[in-house]
Amino acid sequence: TYGTGAFMLVNSGGAPVPSSHGLLSTALYRFGASAPTQYALEGAVASCAVGINWFKDSLGMIGTAPEISSLAAQVPEGTDGLVFVPAFGGLLAPHWRDDARATLVGLTLAHDKRHVARAVLEGIAHQAKDVTVCMAADTGVALTGLRVDGGVALSDELLQYQADLCGIAVQRPRDVETTALGAAIAAGLGAGVWSSIADIPSSGDDIERTFEPAICEAERTARCASWQKAVESSFGWARE
């Protein structure tokens, strides 16, 4: 879910799975008083729309949040080495560093607001990529696809960057308010509106668009290496 922050979950089955890679073990759902509880591993990212709002409101680079996508699209060749780590109040999963602060590295005189716009969106995608790597390590299962929701998921550019960095297909449903849909389904099952999952219309399966990776593995590896260097440079800036 791409919202103010970003939150990724993977179903880990009928028992909690402790993470050794910086994720959270959490209850996922229980549809009915007698139904078994399903658990998940969750990766929580503090800054998603937060970084976009900083670009819009604090820097005044755009008038509305969606404009960041069209601005980023003007540099299809990439950020030319610019990397943005949106650690405004520290980093959550998988680093858990409250001493980290937002960092813009690789800046040259050739860069302008288009490159910064793309770096802001790529910073969101890189954080989610880090979480997918930890999920695969904890579960022993490689992710083969990613289903997304939330208001920021309306950005085509962000989801393309996400597919590129993860190397897997990213699917966006027609209705991106999937969190609200899930809450409504859980409430309906609890109230007896439906007797089982099988009775519920599958509106959440209506995929509006699928984004496929468009870069090679070598390019993916290089971008992720630059990101990790930038993340390390964000550590240790918080004052006591």
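**Helix packing and pockets**

Tutor: H1 passes H3 in a right-handed crossing, a term for a near helix turned clockwise from the far one by less than a right angle. This is a predicted model, where local features need pLDDT of at least 70, side-chain atom pairs count only at pLDDT 80 or more, and totals for chains, interfaces and linings use all residues. Residues are numbered from 1 along each chain as its sequence is written, and side-chain values use heavy atoms, leaving out hydrogens and water.

Student: Why is H1 called roughly antiparallel to H3?
Tutor: H1 (residues 49-58) and H3 (residues 113-139) pack at about 165 degrees, with axes 9 Å apart. Angles over 145 degrees count as roughly antiparallel, so H1 gets that label against H3.

Student: What makes H3 and H6 roughly perpendicular?
Tutor: H3 and H6 (residues 217-233) pack at about 95 degrees, their axes 11 Å apart. The range for roughly perpendicular is 65 to 115 degrees, therefore the term applies to H3 and H6.

Student: How do you know which residues of H3 and H6 meet?
Tutor: Contact means heavy atoms within 4.5 Å. Among the residues that meet are Arg118, Glu122 and Asp130 in H3 and Arg223 and Trp227 in H6.

Student: Which residues lie nearest the centre of the second largest pocket?
Tutor: Thr79, Gly81, Leu82, Glu122 and Arg223 do, out of 15 lining residues. H6 gives the largest share of that lining, four residues.

How values were computed:
Axes fitted to C-alpha atoms, helices over the stretch in contact; angles between N-to-C directions. Helix = DSSP H or I, 4+ residues; strand = E, 2+ residues; numbered from the N terminus. Parallel < 35°, antiparallel > 145°, perpendicular 65-115°, else oblique. 1 Å grid on protein atoms, 1.4 Å probe; cavity = no way out; pocket = protein on both sides within 12 Å on 5 of 7 lines; lining within 4 Å.
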